[in-house]
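Me: I would like to learn how to read the features of a protein model. Please take me through some of them, one at a time.

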Amino acid sequence: MDLRQFRYFVAVAEERHFGRAAQRLSMTQPPLSQQIRALEASLGAPLFVRTNRSVELTAVGRQLLPEVRRILADADALPALAQGLAHGEVGTLSLGFVSTADYGILPPLLRQFGERYPRVRLQLLEATSDVQVEALMDGRIDAGLFIPPVPARYANELSYLPIIREPLMLALPAGRGSAQGGADTDTSHSGPGAPVSLADFADEPLVIFPRRVAPAFYDIIMGCYAALGLTPRVGQEAIQMQTIVSLVSAGMGVALVPQSLCHLRRTGVTYRALRETSALIETGLLWRTAEVTPVLEGFLETARGVAHTPPGATLET
C-alpha cells in the first residue's frame, strides 16, 4: 500500500464509479481496479461493493474514508512543515531562566520572539544557574537565561551571549528607608526611592541565596560589603528571588537584588539605589555550542536584538 492507492481509494469513494474516478485521475480503468484490489488485499478487508451499475463503500470503507483523508492531508502538509522546520519557523524550544530574568529581560525577549516566530512552541523552565547548566548538558533544555560565569569544565561545550548588565538595589522592609528611622516616602511596593548607603544598613540581617546556587552573584554581593570594610550578618537563605523579597517584606532583613526586581510588586517592600558604586549583575543566554537548531538560531538572533545596556552599565566582557 502507498499514498497513490489511498488517493485512488478516495477518488472511487467520492465518484462511486470506477470509470469517472479513472478519468478524474487521468488513468485508465483497469489499472485503477487493480490498485484498489491490491489495497484491499493489503488491508485484509473489502472497501467496495461492486455491481454492474454502482460502486458502494462497505462498512469498513465508510469508516476508513475519513482516516485516509486525514493521512493524505498530513502528507500534503509535509513539504511546508519541512520548510518551516528548516527555517526555524516551526518547532519547539525549551528555555530555562533564572527568576530575576522574569522581571527584566525575559518578557520582552519572549514577546519579540513570539511575534517573529508565532508557530514555535516554547517550553519554559524556571531554574537557578547551576541547575540550568546540568539541564543543558543533559539535553533537557535548548538554552538558558542564566547568571555567569560558565563553569570552566564546560567552556568548550557551551556558548554564552551577554544580554544585560544591571546594578544592584537594596530591598528593604517598608518603613526602613532611613537607617535612623526617619520618614520613608516609599512605604508600599513601588520604587525605587532615594539612594541610601549600604553602610547605614550593615547591622540588618542579610537575606541571600546559598553560594552554590550562583557563586559569582553571591561573591559580588559579599564584595559590596567588603568594599566598605563590612561583614554582613546572614539572616535567612532562599533560592528564588521572589522568596527573598517575600522574606524582606516580612521584616526578616534586607537584600541586594538586581535592578529589574523593582518590577516585582510586593506590598511591604521598598527598593533603594546605593550611593556607593555598585557592581553589575549580568544575565545572558547559554546554549550547547554543537547543537544550534534552526529554531534556536532564530532565538539567538532575537536575543542579540534585545540585548541592551541600562543607564550606567555596559555589555563589555
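Reply: Let's begin with a single residue. Arg-16 counts as partly exposed, because its relative accessibility is 33%. On this scale, buried means under 20% relative accessible area, exposed means over 50%, and partly exposed is in between, using a 1.4 Å probe and protein chains only. Before we go on: this is a predicted model, in which local features need pLDDT of at least 70 and side-chain atom pairs count only at pLDDT 80 or more, while totals for chains, interfaces and linings use all residues. Residues are numbered from 1 along each chain as its sequence is written, and side-chain values use heavy atoms, with hydrogens and water left out.

Me: Which phi does Arg-16 have, positive or negative?

Reply: The general idea is that most residues other than glycine have a negative phi, and most peptide bonds are trans. Arg-16 is not a glycine, yet its phi is positive, at about 55°. You will find Arg-16 in the loop between H1 and H2. Helices (H or I, at least four residues) and strands (E, at least two) are DSSP runs, numbered from the N terminus. Ser-26 also has a positive phi, about 60°, and sits in the loop between H2 and H3. With 69% relative accessibility, Ser-26 counts as exposed.

Me: Which residues does a cis peptide bond join?

Reply: That bond joins Pro-148 and Pro-149, with omega about 15°. Pro-149 belongs to the loop between E5 and E6.

Me: At what angle do H1 and H3 pack?

Reply: Two packed helices are described by the angle between their axes and the distance between the axes. Here, axes are lines fitted to C-alpha atoms, for helices over the stretch in contact, with angles from 0 to 180 degrees between N-to-C directions. Helix H1 (residues 3-15) packs against helix H3 (residues 29-43) at about 110°, and the axes are 9 Å apart. H1 and H3 are therefore roughly perpendicular to each other; under 35 degrees counts as roughly parallel, over 145 as roughly antiparallel, 65 to 115 as roughly perpendicular and the rest as oblique. Contact means heavy atoms within 4.5 Å, and the residues making it include Phe-6 and Phe-9 of H1 and Leu-32 and Leu-39 of H3.

Me: How many aromatic pairs does a search of the whole structure find?

Reply: The search finds seven. A pair of aromatic rings is described by the distance of the centres and the angle of the planes. Rings of Phe, Tyr and Trp (its six-membered ring) pair if their centres lie within 6.5 Å; planes under 30 degrees apart count as stacked, over 60 as edge-to-face and the rest as tilted. Phe-18 and Phe-48 are edge-to-face, 6.2 Å centre to centre with 65° between the planes. This pair links distant parts of the chain, with Phe-18 in helix H2 and Phe-48 in strand E1, 30 residues apart. Phe-18 is buried at 7%, and Phe-48 is buried at 4%. Together with Phe-9, Phe-18 and Phe-48 form one aromatic cluster.

Me: How many residues has the largest nonpolar core?

Reply: A nonpolar core is a set of buried Ala, Val, Leu, Ile, Met, Phe, Trp, Tyr and Cys residues joined through side-chain atoms within 4.5 Å. The largest has 71 residues, and Phe-209 and Leu-285 have the most contacts inside it. E6 gives the most to this core, nine residues. Apart from it lies another core, of 20 residues, including Tyr-8 and Leu-65.
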